[in-house]
Amino acid sequence: IFLIAFSRMYLGVHTIYDVLASFVLTLIISCFINWVMNIYKLDGSHRKLVVLIIILLIAAMVAYSMILYYDNIVEADYVKDCLKTAGAAFGFTTGWYIEKNYIKFSVKTYGLWSQIIKYLFGIIITFALWEGLKFAFSYFPAMFFAGDFIRYFILTFWIICLYPMLIKKLFRVNYSIF
């Protein structure tokens, strides 16, 4: 956490105030979520509710950023950053739900070479998706905002859901979907 915060300031993309504000806000939100989950005893049976709430928050964030953009309050680059975050959050949320309920991936040691192959396979496909989607969406300027949302959704969904599913299939581990 601290290395990422330092890197943001070192690269000059955020100030100390940005980093401290986001750290405090994240800490408050994390404590609130933990408190709610403990009070209401939210466990695996409440995953649909959690996913619905997160999706509603993502939709509100996207709508609010678009309103700010069309009212000329923020620039397009800020909206694009917001949509990247929203796409990643949506990919994480849907991927998490599918993985936890159906794929149920567990990290098992298949031996050192299997682990290296799994790692390299994941990194290569992720990098190919990263660059390939960036290249593909550069040819569709009409998808100025939607392209970033879709690209980050696909990348995060791949990492959270599709990659574990594929690893289970390749290593012939049984799972309950697909």
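Mentor: The largest nonpolar core has five residues, namely M66, A76, V79, L83 and F145. A nonpolar core is a set of buried Ala, Val, Leu, Ile, Met, Phe, Trp, Tyr and Cys residues joined through side-chain atoms within 4.5 Å; buried means under 20% relative accessible area, exposed over 50%, and partly exposed in between, with a 1.4 Å probe and protein chains only. Helix 4 gives the most to this core, with three residues. Helices are DSSP runs of H or I with at least four residues, numbered from the N terminus.

This is a predicted model, in which local features need pLDDT of at least 70 and side-chain atom pairs count only at pLDDT 80 or more, while totals for chains, interfaces and linings use all residues. Residues are numbered from 1 along each chain as its sequence is written, and side-chain values use heavy atoms, with hydrogens and water left out.

In soluble globular proteins, nonpolar side chains tend to be buried together.

V79 is also touched by S65, whose contacts, again leaving out residues up to four places away in sequence, are V74, V79 and C82. S65 is found in helix 3, residues 47-70, and is buried, with a relative accessible area of 8%. The side chain of S65 reaches the backbone oxygen of V62 at 2.9 Å.

We turn now to the charged side chains. A salt bridge is a side-chain nitrogen of Lys or Arg within 4 Å of a carboxyl oxygen of Asp or Glu, and by this rule the count comes to four. One of them joins D81 to K84, with the closest N and O atoms 4.0 Å apart. Both residues lie in helix 4, three residues apart, about one turn of the helix. D81 is partly exposed at 41% relative accessible area, and K84 is partly exposed at 22%.

Another salt bridge links D148 and R151, whose closest N and O atoms are 3.1 Å apart. D148 and R151 are separated by about one helical turn, because they are three residues apart in helix 6, residues 146-170. D148 counts as buried because its relative accessible area is 7%, and R151 likewise because its value is 6%. Salt bridges that share partners join K80, D148 and R151 into one network.

Key:
Helices (H or I, at least four residues) and strands (E, at least two) are DSSP runs, numbered from the N terminus. A polar contact is a pair of N or O atoms within 3.5 Å; within protein, one must be able to donate a hydrogen and the other to accept it, and residues adjacent in sequence count only if both atoms are side-chain atoms. Contact means heavy atoms within 4.5 Å.
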